[in-house]
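Dear colleague,

I am passing on the structure below, followed by my notes on it. Please read them alongside the coordinates.

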Amino acid sequence: MKQCKMYVVFLLFALSLAALWWIASGGTPWQGRDGARDASGGRLVSLGDIPVSNYDRMGFTKAIVRYIPKEKGWLVGTERGELFLFSDQGEQRWKRSLGIGKLVSAALSPAGDTAYVGEQSPTGTLYAVDVHTGDIRWQYAASDFVGSDPSQRSYPSVVHIAVDGKGTVYANCYRFLMQKDGGRAYAGRMIAVRRDGSLAWQYPRAEVIDSWINWCDVNDANGRVVLSTSAYDFREEMRYKDTLYFLRRDDGQELRSVAVAPVEPFENTVLRGSPNFSADGRYLAASCSDGRGFLFDGRGNILWERTLSAPTRVAGAWINASGRDGFALAEGVVFTTINTFNRENWQLPTPVEHPSSNSLFLFHYDGSFGYQYRARGTMEELAFGEGIVACAIGRNVRTHDYSCHGALVLRLRDGRKLDFYHTEGPLQAIAVSPDGRHLAGVEAPVLTPEGRTIGAYRLHIWRREPAGPGAPV
Amino acid sequence: MSMRQLWEGNDSAPWIRHVTGETKLLVLLSYSVWTLAIDNPETLFYLFAGTLGLHLVARTSRSKWYVLAILLLLGLWGSMFSQALFYTQTPRTPVLVLIRPDMPVLGRLTEGLFVYREGILYGAVQGLRSAGMLSLGLLVCWTSDPRQLLQALLRWRLPAQIAFMLVTAIRFLPVLAAEAGEVLLVLQLRSGSRRGRRAVLRHLPYVIQPLLTRCLRRAQTLALSVTSRGFFLARGQRKQAPLPRSERILCLACLAVTGGVVVSKILYVLSEQGFYWGAFRQIYDGAKLYL
Amino acid sequence: MDELLRISHLRYRYGTREEPTLRDVSFTLGAGEMVLLAGKSGSGKSTLLQAVSGILRTNGRGLLEGEIRLDGQDVVGWAPEQIGLLVGTVYQTPDDQLFAMTAYDEVAFALENRGLPEEIISRRVEETLVRVGLGGLGARGIHTLSGGQRQRLALASVLVTDPKLLLLDEPVSQMNPQGARDFLQLLRQLNRERGLTILLIEHRVHELAGYFRRILLLREGSVCYDGSLQGLWKRPDLSSRAGLRIPACVRLCRALGLPRCTEGDAEMAALIRQYCRIDPAMPAPEPRQGTGPVRVEARGLCYRYDGAETDTLRQVGFQLRGGEITALMGCNGAGKSTLLNLLGGVTMPERGSLTLDGAPWQDRLEAVGYMRQEADLMLLTDTVRNEFFWNNRILREETFRQMTEQMDLAPYRDDFPLALSKGQRLRVVLGAILARKPEVLLLDEPTTGQDLESLDAIRSLLRAYARGGGCVFFCTHDVELASALADRVLLLSGGQTLADGEAHRVC
């Protein structure tokens, strides 16, 4: 009997050790270890525990995901500073821990063998990572270009990365500073790094951009780099107040700058997720926070301007749905809008939802309206496959409609909804394979106003079948 | 194996019995610093697993494994359950509802009882800390002669009286364990009811007094015994053989790792507070990933 | 004979007491003497030993007067560790004084403290172990040694430093008779062969008488007798007042009015034949067998410990009647404690049946009172009163008062039980058990370490309990006690019943 008891205790002990290892190594049941599937039949891969953010505060959970055709897998970067390569089946090929930084931006080399990953950290490093092995080929610290002041929590980050056909990387390095008088200040610089890791140029050379630089793009056809700048409040002494700066791709020489005049009640024109060149370099699409969509020519002249979401005064408050993305594609010019916001303070409630919020718009190159597809949550990110657009649908801070979260696939041509894969938490990032058959997104955990935590920080991998959604991988 | 034998140890592998008290205490102290400094659950798990590995190579007997397993199971699951249920920090995510807040009476009284996933992890971390310490502490107890430890403490220039008190505490572990069992049995025997004859938990509060009294008496006798054998008189006369080379290396390695862990952790915490130096980036990364 | 220890007008009063514990103690001890220091509980034996060891000086809470000269030096102001260079002390319980993990390390401890070279330590440790009969056991773990071996080890741990004087505080009180005899034989050998001076405290004079020529008798803090044992036997008033148990032979000699008292059986037989007339027609004493109903019935009890190759109890069966006192006897390993544990409900028999008044034993466990050998561990509370009332709902104040008066505990009702004398502590435990009115009373070695006064008190308590219809079943090594107290004796050997019958026949 005693022997029996002893063996039972040993068995329990062994099981407990296994359970502890399971918990301690991040394989907790709620994170869905290898092999777990979501409601749509997609693969679930845990990306570890991260702080759960409030549902009503948007944009704090970062994640990057890219499809790597050469590897037939997914490159995923996390808030925890970890970079993974997963197979289509969700098996981890490698994991590269990049340390204390938060990975915020990524781009692939034209050959698809190198990933350029940017982080937000006290150094704000830009890494060139071999996607096959996970080895770091070279790295640059943004702090060397825009400084760093950890005592003020003013961490530099590589906010956006673009790559040209030669493999030269163009990265926007930026940090936000709080001045002694309480005013906001910015320090930004674009750096161009050749494929071999040598620094090609930096813009500006002898100073930093004193406004914020969210986005950039490069085009081989017209040999130009464009970056957009903005600020919450422009001051007299600021030098970089224009909206777009065009640089020569080869040496970073400034070619021209374009100032886009704001509309009432806004004082500035702010670009968040644009501009982007068309593949042939003839067009440039951009969407503004004030709800306008623009199509420029390759040199920066406005071809046309469309109002996606007109700021409207309702019950004494200005409300509108911010524009964010702008793409000039073969099918047309695509713009997106996000949640409805109160002009006074984006955290204040709004009496109604703007009818153009959370939408994807397509216009033809002649400026004629194609369609509007209204999702019920924020279009957090767009990814394009053959004839389709995949949208990561995140929060709706006004309606708290959690059923809208997930991956939405539309046919670009006519905006027809092809698939929708629901996720419990908001989907923050998305990527799609060029053929449109493979889809992946990163879900974030959020704390709802009711005090419930929904979702988890995890990767979903779906395989799209022509027949419809939910086909198991 | 009697309770007393269980707590005394000369059935372990000879090599570990011959390791000097200084080395054992230094490893134990270093380990305690590591477990306190490290927050990473995975690293803590491996440290804990390392102590179990040491038990294996020290050939800890099956009966002792049995006791170790029971103590560890109680500690680990106790910590995890309590934290899973009563975790108060935010965010906290319920993974299981034990009592719904809208349940009549109980729900209103407790405002709901949930198992929180963050609590489970937090409890596991705390449990691993104490389990590792317990496991290594028992290994030292089970493989050390009290004299060994006494000599180590004296070598560290601890006053003889304090060293003696510390070691007496260890020396009395087996006695305490044996007598606690006896007192518990006596409590059962003195119970007037059939239930009391089998109860354990309800008798526990009464175990302490007789046990303590006995221990004080025993400690007094032991003190008299070692005093009359010249322990306090001959402090300066004891021979102090140098540590074997292998142990010196081990001690230095432990000190180096401890120093490394503490410095890395301090640097990392400072960096979180804004005191960041770019040259230490790898240390920060290492601290974040593994500590 | 050179004088080794001289104590002159020694007086000591504990800080917490008004009366001195040692009043006026004076005696000398010659080098090479082996002396027994006896006296009943509270007579000051242990205090005297502490005074010689130098403990009282450091204690600081009492007043010590008088002179203690050791090897010609006044040691009253010496630290215990200094005195320890001349005096080795062995205490009652070896487990309390042993410190190391192996026998070798334990013995080496004192020499290491003196900073001797390893080779000398090694040689002397081996020699000492051989001397106490533990040769070849140096590597053994202390817990693997028997109780007797552990006490020998405690002796070796002080002998190794070649002390001039060896003090022993009731070293055999926890041993069985054979173990005690062996240990005393060893002491005598050390005394004779090496000229070691020995002062041994013990009140079991009746068992130790043959080993000592001189006895010091303490009573109320003073030496009331210092002389030969033969001389003591001639003064029955003194021995009984000092609470000593007189050897049965001596008592018989006295009862028969023989011209002299002797402890030797053969000599006594010769004296009886010489001075007494034996009447073969004299009837045998009336059997004291219980006549009450059979209350406890055991049939075919078997028990085997985990890992043991054979049964410790093999087909043991017996009956206990109401009002009967039964002694359980046997050598070490006979299975006495195992049987008591079965009856006490501590363990369960593997085979066989055990009933109380026809009901299965497990259903009537609450009707069984069991006093374990280490009675001190059964004291749980702050006062004697609380001990009696602990978890006891049937005890009334009036009954409590009566019981404590009968047990001579009335003045101590609100005292801390563990501060009482050994006999008093045992009576408190026994009283607390009896206060529950158990139907069966089990006692494991109830008389170990008890002086005559305590023994008498225990005896009358048990008799009174048995008269009330209860069954008493006690385990003892003390043949004299068994024959004096028990109606029946159950003799176990090798886990089997060797004899079961009237006490005077079996004993």
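The crossing of H4(B) and H7(B) is left-handed, in the sense that the near helix is turned anticlockwise from the far one by less than a right angle. The helices, H4 (residues 41-57) and H7 (residues 117-143), both of chain B, have axes that come within 9 Å and cross at roughly 25°, the axes being lines fitted to C-alpha atoms over the stretch in contact, with angles from 0 to 180 degrees between N-to-C directions. H4(B) is therefore roughly parallel to H7(B), a term for angles under 35 degrees. Helices here are DSSP runs of H or I of at least four residues, and strands are runs of E of at least two, numbered from the N terminus.

This is a predicted model, in which local features need pLDDT of at least 70, side-chain atom pairs count only at pLDDT 80 or more, and totals for chains, interfaces and linings use all residues. Residues are numbered from 1 along each chain as its sequence is written, while chains are lettered from A and ligands numbered from 1 in the order in which they are written.

Chain B averages a pLDDT (the predictor's confidence in each residue, from 0 to 100) of 79, and 84% of its residues score at least 70. Within chain B, confidence is highest in H4(B), at 90, and lowest in helix H1 (residues 3-7), at a mean of 57.

As for the chains, 47 residues of chain C are in contact with 46 residues of chain B, contact meaning that C-beta atoms, placed from the backbone, lie within 7 Å. On the side of chain C that touches chain B, H5(C) gives the most, with five residues.

Best wishes

Notes. Angles under 35 degrees count as roughly parallel, over 145 as roughly antiparallel, 65 to 115 as roughly perpendicular and the rest as oblique. Two residues are in contact if their C-beta atoms, placed from the backbone, lie within 7 Å.
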